[in-house]
Each structure stands twice: as C-alpha cells, then as structure tokens.
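I opened the notebook to record what I looked up, one topic at a time. The entries follow.

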Amino acid sequence: MTLLRRGEYHAFESDGAPYVYLVPSAAVFRLDDASCAVLDALGDDDVALDSLAGSLAPRFAPAEVRATVHELLGARAIRAVAAPVEPVRAEPPRRRIPLTTLVLNVTSKCNLSCTYCYEYGEDRIVEASRKPRFMNEETARQSVDFMFAEAGESPVVHLTFFGGETLLNFKVLKSALAYAKERATALGRQVDASLTTNATLLREETIDWIVENDVGVTVSMDGAREQQDRFRVFANGQGSYDVIIPNVRELLRRHRRPVGARVTLTGQNLDVIGIYRHLAEEIGFWEVGFAPVTTSWQREHAIQEEGFDRMLGQFRELAAEYLEHSLAGRHHGFSNVRDTLEEIHKGLSKSHPCGAGLGLMGVATDGDVALCHRFAGSDAHRLGSVQDGVDHAKQADFLTRHHIANKTDCATCWARPLCAGGCYHEAHTRYGSTTEPNLHYCEWIRAWTDTCLRVYGTLAERKPEFLRQFE
Amino acid sequence: MRHLKPVNRKARQIESMHAEKDVVALQQGGSPAPSGPHIPLGCSFVFAPGWEVDSSGGTAGLCQPVERDLFDCHITCFWPAHVPDLYNHAPDWTGSCAAAQKDWRKIDLIFP
C-alpha cells in the first residue's frame, strides 16, 4: 500500500483554468480534470493509492487515476510518504559563477538631497567621509581590468555606473567606458554600459556621449511635480522637477535605446497609477519600475501596512492593463510585472535572492569591491578590491551563510523560488543583518507573485509568442 | 504527459526528463525506436547467464524483455531477479497487472 501526500506547490487560476506553481522546482503546469481531482482528493491528508482510486471511481477509471498519480509524482506535485526527501544543503555554487555585471560607484557625492536616500540618510551604512568622494581614472581602469578578469568566458559584460549622482564624475565615466571598449575589442568580448542618474546634469555634451556610446539610462524620478518635489530636492529645499524635465525630454527625443524611470515609493507617495500615467504616457519613458523605499520602519517616509495594501491594489490594476496590452500586441511599460514574468518563464529557483556577490558586484570610489552598489564602501561587506581581486573564500562563506536553506522562515513559503528572502540591503536596514529574510514583505511578495502567475498563465495560453522574448 | 500540461521552461524540462527515462523493452518494435545507447535491462548483464546462453546452455530460451522478467525471472529462472517481498510486505504488488506484456505499467510502486 503506497501512501500519497501533496507536494509543495501554489495552486492558482488563470483565465478560468487551474494551474500549479511547484516548489522548489518553479515549474508551472496546467492541470486537467483528473489531476485537479487527485490533488483535491488528497487534501491535507495522507491517502493510499487504492482508496484514492476508490474515492474518484465514479468520475475516473482506476487506470486513469494511476496514470495521473504517476505524472504528478514525476513532477513532484505529490510524493509518496515513504519516499525519502532529499534536504537542500546550504553550500556555495559548485563552480564559480562568472561576473556579468560590475557596478562602479563613480562618486559618493550628489547634488540632490533626497530625504529618503539610503546613502546619506539616517539609515546609511557607509560613512562617506572616510572614502574619496570621486573615483579616479586609475581606479576606474583597474575596475575594468578586474571586470574582464572575473568575467571568465562571458561573451558580454555589463558595466554600470552608479553614485551619488553619476554624472558628477562625467570625466571618469568617459575614460572608463572608452578603456572598457578598447579592452573588450582586444579580448574579443562585448561591453554593454548603463548608468543611473537623477537627470539634473543631462546636458547636450552628456546626451551626445550617451547616444554615441549607446549607454542604457535609468532616470531616478518619483512622478509629477508634486510627487517629485516632495523628497527629491536640492540642498536648499528647492524641488528638482522643473530642472530635470527639459533634460529628460531631450534625452528621450534623442536616445535610440529605451530609457526607463525608477520610482521610489514612500508612505507619502503611493499613487502608483498616477505616477505611471505621468511618466510613461505624458513624459514618454519606455519603462517605469517601482520600488518601495528602503528604510527603518519607524521613519516618517516608511510605508506602513495599509500602504502596502494600497500599493498592491494598484500594482494589480497595472498588471491587468499590462496583460490587456500584451494580448493586443501593444507595448506596456510597467517593468515590475515584466521582470517577474521573465523569472517565472525561465523557472528560476533561487538559492540566493539576487546576483549580489555572485554575478554582480559593486565597486566603491577607492576600488573596494562589495556585494553590490548599495554596500560598496562598507568594510563589513567587503569581498576584496579591484587591485587585489576577490577573496573567494570570503565570497563562498558569504554565499553559504545566505543560502535559502539557512533561512528557516522561508522553508514553508511557496514564493521562495523567486524571493529567496529578498534584498540583503533591505534586511540590513530593517533588521541589522543581511542574513535575515525580509519578513515585513512576505504577504506582499506572495500576493504579487500570485498576480504575476495569473498574468503568465493567460499569456501562455492565449499569446504564447509574447513569451518568446524571455527565451 | 497527458494530465499535466507543461507551461514554463522548467515544466518542459521536467516533462522531457520523464520522456527520456521511460522504460524501453528490448524487443519493442515499431517507431519511435528507443533512443540512445540501449543497455539491456535484464536480470544481469554483467554475468549474463540469460543473455548469451539459456539455463540449458543453448540459445532457445534467452532472457525476455523486461516486462516478462518480472514474472519469469523471479518465479522460474535459475538466476532469480530481485522483486519486492511477496510474502510479507507487498503481497499484491502486481495485483492489477493481469497481462504483463500489455499492462506492466500498472504494477504498483513499492517503497521501503
């Protein structure tokens, strides 16, 4: 007698059809009547195959039930109670993951004084005064050499410039990218450059360089005038909207590569749909991505629980709009849903929440290498330097300690293949440690992942060609 | 898979994994032909008493395809196959399999 039990999965409906998202494989299967009936009949109990076949006998022949059970066992949507379960072990990757993205913090200085900024605000982790304020040309060149050395055989490497305000160090941006292109040609590789800016310093000369070098641009911007000027202000308190808008329009007019906007949501700025309308439809950004502010919970700009509900409701509305546009073959720029759809399509099941310390690293102004741009310059999160290379023992230790298998709170969550505990920096800011999972986001992440799964199911059924862009 | 429709890339990988690992009988004719190296799934291919000569030293009664092994080998063969414990633990493991050549897929799964 074989006792059967439900495996770990999240059941959802899309366009009226039943689906399962399996954990931890991250596979998505559509169910037919028989497989639905078997999963329902199992419920939360252990049921013998014979009695399962017996209870479903009026609707399905025993052979049909057995065949269905066989398939469900193969996909691990159910399991035999007596079959041993192999535990997931916390260990570093078996082979070294090549570096594919290097983020250069070319300056820690900024000409804006956004009150919620994690780099300067009350939650900062790097004492900026201890490091040079600007990266010099030599360190930038060493960073490029480091990037190619750590990239292994990767045919394309991504060089991203970050700050502070990136364009305050335009001279070094220019020389670093020129050197990276020269090295790429010599090594037979390709380099793809991008930067994030607050758009205050986008002048003719900078736009010329961006267009000429096909640099990807993300503009940090919070919405219309009132939203933008609430937090994104100059040191004297003056808002930045009127300064950046002509620059942004000029960039969008001239740049061939799609330009994205990246919005920081706060307790005071949660009109997601209004912001989207303004940035995507009125200003003309190709994509708009939203992220809640990273902050301690007690700060004034922190998003409280009801704020997350409001955010989710609007994310869902935009996701529905994204689906409608995609089915009709039209572009929609809500990048949060696009990013999640890509991960669902590929079936990513993450051992770590993001590429930080794996395929992505951040470089501080003095050449210290850390997990990502948010930790660049923090001695406690240093993994090496561009001059001396990565301390691979330290990296392996970090990856082992932060493996999903060590996040006990995540062990029973169905969303862990995509979330894996969430941002290290967010956790560090909230709980004082990068190893903590971001428990304040759990409900939100599950609800949002469920929304994206529903969008995915409908697209897969009604417009499969749309998903080919993620291959 | 007939009851589960793979939707994303991972699901398709799971499906193909199972398609490749299905049991293939030695004497299975017709198409599709079994893919990959065909390793005999007999009672023993290392010492191969039944693959090269039969129990009487001739070649008339060589080992049969795997579905027949299940019954022939453990009951009649001089070199018996490993089967579940028929007397205590799993007396009815082949209960729903009346004609092994056709319905060997119905043989129950046995776990320790």
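Which residue in β6(A) does R5(A) stand opposite? I looked it up and found R79(A). I note at the start that this is a predicted model.

**Entry: a three-strand sheet in chain A**

I followed the strands around that pair. β1(A), residues 3-6, and β6(A) run antiparallel and are joined over three bridges. They belong to an open sheet with the order β5-β1-β6 in chain A, where the pairing is antiparallel. β5 (47-48) and β6 (78-80) of chain A are at the edges with a single partner strand each, so each has one side without a neighbour in the sheet. I reminded myself that strands of a sheet pair through backbone hydrogen bonds, parallel or antiparallel.

Next I looked at β2(A), residues 9-14, and β3(A), residues 17-22, which are antiparallel and joined by six bridges. In this pair I found A11(A) opposite V20(A).

**Entry: helix α3 of chain A**

I checked the length of α3(A), which covers residues 62-75. At 1.5 Å a residue its 14 residues should span 20 Å, and the end C-alpha atoms are 20 Å apart, so the two values agree. I then listed its buried residues: V65(A), R66(A), T68(A), V69(A), E71(A), L72(A) and A75(A). For reading such a list I keep in mind that an α-helix has 3.6 residues a turn, so residues three or four places apart point the same way. Just after the helix, R76(A) takes a positive phi of about 65°.

**Entry: chain A as a whole**

I counted 15 helices and 16 strands in chain A. The radius of gyration is 24 Å, close to the 23 Å from the globule rule for 471 residues, so chain A is as compact as a globular protein of that length. Along the principal axes, its C-alpha trace spans about 75 × 50 × 45 Å. I also noted that 44% of the 471 residues of chain A count as buried. Of the contacts in chain A with a separation of 6 or more, 71% are between residues 24 or more positions apart.

**Entry: the nonpolar cores**

Which residues touch the most other members of the largest nonpolar core? They are F29(A) and L104(A), in a core of 117 residues. Helix α15 of chain A, residues 442-462, gives the most to this core, with seven residues. I looked up the neighbours of L104(A), leaving out residues up to four places away in sequence; among them are M135(A), L159(A), F161(A), F162(A) and V363(A). I also found a second, separate core of seven residues, which includes I404(A), C413(A), L418(A) and C419(A).

**Entry: where chain B meets chain A**

How many residues does each chain bring to the contact? I found 18 from chain B and 28 from chain A. On the side of chain B that touches chain A, β1 (4-6) and α1 (9-20) of chain B each supply at least two residues. α1(B) gives the most to that side, with five residues. I sorted the residues of that side of chain B into nine nonpolar, three polar and six charged.

Last, I looked at strand pairing across the two chains. β4(A), residues 28-31, pairs with β1(B) in the antiparallel sense over three bridges. Here the bridge partner of L31(A) is L4(B).

How values were computed:
Residues are numbered from 1 along each chain as its sequence is written. Chains are lettered from A and ligands numbered from 1 in the order in which they are written. This is a predicted model: local features need pLDDT of at least 70, side-chain atom pairs count only at pLDDT 80 or more; totals for chains, interfaces and linings use all residues. Two residues are in contact if their C-beta atoms, placed from the backbone, lie within 7 Å. Helices (H or I, at least four residues) and strands (E, at least two) are DSSP runs, numbered from the N terminus. Ala, Val, Leu, Ile, Met, Phe, Trp, Tyr, Cys and Pro count as nonpolar, Asp, Glu, Lys and Arg as charged, and the others, Gly among them, as polar. Two strands pair if DSSP finds at least two bridges between them. The radius of gyration is taken over C-alpha atoms; the globule rule is 2.2 Å times the number of residues to the power 0.38. A residue is buried if 20 or more other C-beta atoms lie within 10 Å of its own, exposed if 12 or fewer, and partly exposed in between; C-beta atoms are placed from the backbone. A nonpolar core is a set of buried Ala, Val, Leu, Ile, Met, Phe, Trp, Tyr and Cys residues joined through C-beta atoms within 7 Å. The expected span of a helix is 1.5 Å times one less than its number of residues.
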